[in-house]
Amino acid sequence: MIDESLLELAAPSRSFRSDAWRRFRSNRLALVGMALVLLLLIAGLIGPFLVQDPLIQDRLKFKTGPDSQHWFGTDQIGRDVFARIIYGIRLSLFVGFLVTLLESLVGVTLGALAGWFGKWVDSAIMRLVDVFLAIPYFVLAVAFIAVLGRGISAVIVTLVITSWLVTARVVRASLVQAKEFDYVEAAKAIGVPTRRIITRHILPNVIQPVLVLEAIGIGSAVLAEAALSFLGVGVQEPTPSLGLMISRSKSFFSEAPGLLFFPALAIVITVLGFLLIGDGLRDALDVKEDV
Amino acid sequence: MLTYILRRVVGLLFTVWGALTIVFFLFFLLPDNPANLIAGGGNRPVPESVVKNVARKYGLDKPIAVQYVNYLGNVATLDFGKSFKDDRQVSSIIGERAPASVRLAIWAMVIEASVGISLGILSAKRKNSFADTATTVTASVASAIPVFVLGYAFQQLTGVYAFDHDWPSWVRLPVQGLGPNEWFLGIIPSIDQLRSLVQPAIVLASVSTVIVARLTRTTMLETSKSDYIRTARAKGLTEGQITRKHTLRNAMIPVITFLGIDFGTLVGAAILTETVFNWPGLGSKIVVAAEGRDLPTMVGLTTVVVFVYGFVNLLVDISYAWFDPRVRLGTKGSK
């Protein structure tokens, strides 16, 4: 038996979590991502109380460039673009976080069921995932929206239905892998209760890839909402949505490029922020890259 | 090997059937009566008798289960029925749109493979250099730009700005549609055709190019740590030889897998690109059909797209199993 105090002398004990955080902090791109997301959260949560009403039309100014009253100018019917973007960011973040939360609940539950029970439960769930994944994403989305009707709640439900699939697959794969690890076998052999094996030895291995996936997933959900709204099947006028703003402004590009440029920039910043955080987490947690 | 292929073919048929079934029944969850829509209803009232006749013509008056079985039977003989919108055979719509999709996907593929792999190799060979960092940062930013914004940026540049500022004619490009539809040997575009093809192909390839570059970089770096690379270096091969003969060949396996799977996706899922550039392919038609509640067109096109996706996947997996016995024996994930 080794005297534990000797081990403490040899190296300061550091938990995996503090180790990961240290690695994350030293990653410059990940910090840029954090800063971008922080900026967006401030803009989305506090911004709406400070800016003008995004629906009010200034009847004297259409498609004007930036000035002191309208920082990003006005749109084709005289609404303040800056206010619409702030509200659009709030909507994007709301959709991104809510979709990711619901989607990971469904995906983790079903993926865990499949991975843990194996056999027919596994085949049934994973077959379903395969079939859904084989249908092109937008076809599925448009079909669901046709059923649910247009609008924000239809977008959220549709995105949840189409995005839990990958989560379930990842959870199942890492669970199946974790079950085979030698230390799990060992824990079983010395009679550690199942509940403790799950919480102490298996869950940490499953949770990490999910964290990475969901961080990037928030960005993907934002992108998907923008794309659906752009195609005209997502959020409807007059609700300020970044994708909708882009689709409405394309015919005025030469006169008012800002109408397209600013919402596009907002989308890029949002998606990029979450992408960089996800990448940082992947490196910090040392998750194997999946295609 | 034969059992493996057989198992996968059965799996593919199951997937196609499942996808077809999902889309078919989704359609019947729709709140409105399809016969009424076909008869021109929705906004204005249509006489009851007309709706009834339409329902009979398209077999919509039978119970859903009967319609489903009939439809499956027809699909088994490759008869996808007629479009609700313009009464055309769905199979002829497929025949007309599939070539445009496949050609666009192939050229997008060529771009993502050549640009993506070269950038990935460059990044890996000069790890942490300026070129590497620049590639990584550009890749992250590029993958955050929505496809439709990228499409518009191209259109504004080549279709509007270039004309306003008298740029040379080779950058003044058409930004809408298929163009003259001239192809040599079915795939090589004529000069005029190239002018219409180049932009949608680049935009369609953009997202995957980034993934290919990243994947190539990762696998190159991983492979270069292998024992056989050290051996190759020890026996005195030059760095160029090592890269060409050892690192690259092994690092390309996952990249080629990705490219194969991605091709299946590009054929059917180029919806945003096709919409922005008005390219007459499969993906954009599916969305139009779904919005117009045009069941036969929607299910028919979806079935084809799912089949292509599954079939390409199958080919990739079979070739993979051919080269790597661990896969066909099932000792390594069957993916």
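This is a predicted model: local features need pLDDT of at least 70, side-chain atom pairs count only at pLDDT 80 or more; totals for chains, interfaces and linings use all residues.
Helices here are DSSP runs of H or I with at least four residues, and strands are runs of E with at least two, both numbered from the N terminus. With that in mind, what does the secondary structure of chain A come to? It comes to 12 helices and zero strands.

Along its principal axes, the C-alpha trace of chain A spans about 85 × 50 × 30 Å. Of its 291 residues, 43% count as buried, a term that asks for 20 or more other C-beta atoms within 10 Å of the residue's own, the C-beta atoms being placed from the backbone.

Let me turn to one pair of helices, helix 8 (residues 152–180) and helix 10 (residues 194–231) of chain A, which pack at an angle of about 160 degrees with their axes 9 Å apart; the axes are lines fitted to C-alpha atoms over the stretch in contact, and angles run from 0 to 180 degrees between N-to-C directions. The two helices are therefore roughly antiparallel to each other, since angles over 145 degrees count as such. Among the residues that meet are Val166(A), Thr167(A) and Val170(A) from helix 8 of chain A, and Val206(A), Pro209(A) and Val210(A) from helix 10 of chain A, where contact requires C-beta atoms, placed from the backbone, within 7 Å.

Thr167(A) and Val170(A) come up again when we look at Gly111(A), which touches both of them as well as Ala168(A), Arg169(A), Val171(A) and Arg172(A), not counting residues up to four places away in sequence.

Finally, the two chains meet, with 39 residues of chain B in contact with 32 residues of chain A. On the side of chain B that touches chain A, the largest share, six residues, comes from helix 1 of chain B. Helix 9 (residues 227–234) of chain B is hardly covered, for the count of buried residues among its eight residues is zero, and just after this helix Gly236(B) takes a positive phi of about 95 degrees.

Note on methods:
Residues are numbered from 1 along each chain as its sequence is written. Chains are lettered from A and ligands numbered from 1 in the order in which they are written. Angles under 35 degrees count as roughly parallel, over 145 as roughly antiparallel, 65 to 115 as roughly perpendicular and the rest as oblique. A residue is buried if 20 or more other C-beta atoms lie within 10 Å of its own, exposed if 12 or fewer, and partly exposed in between; C-beta atoms are placed from the backbone.
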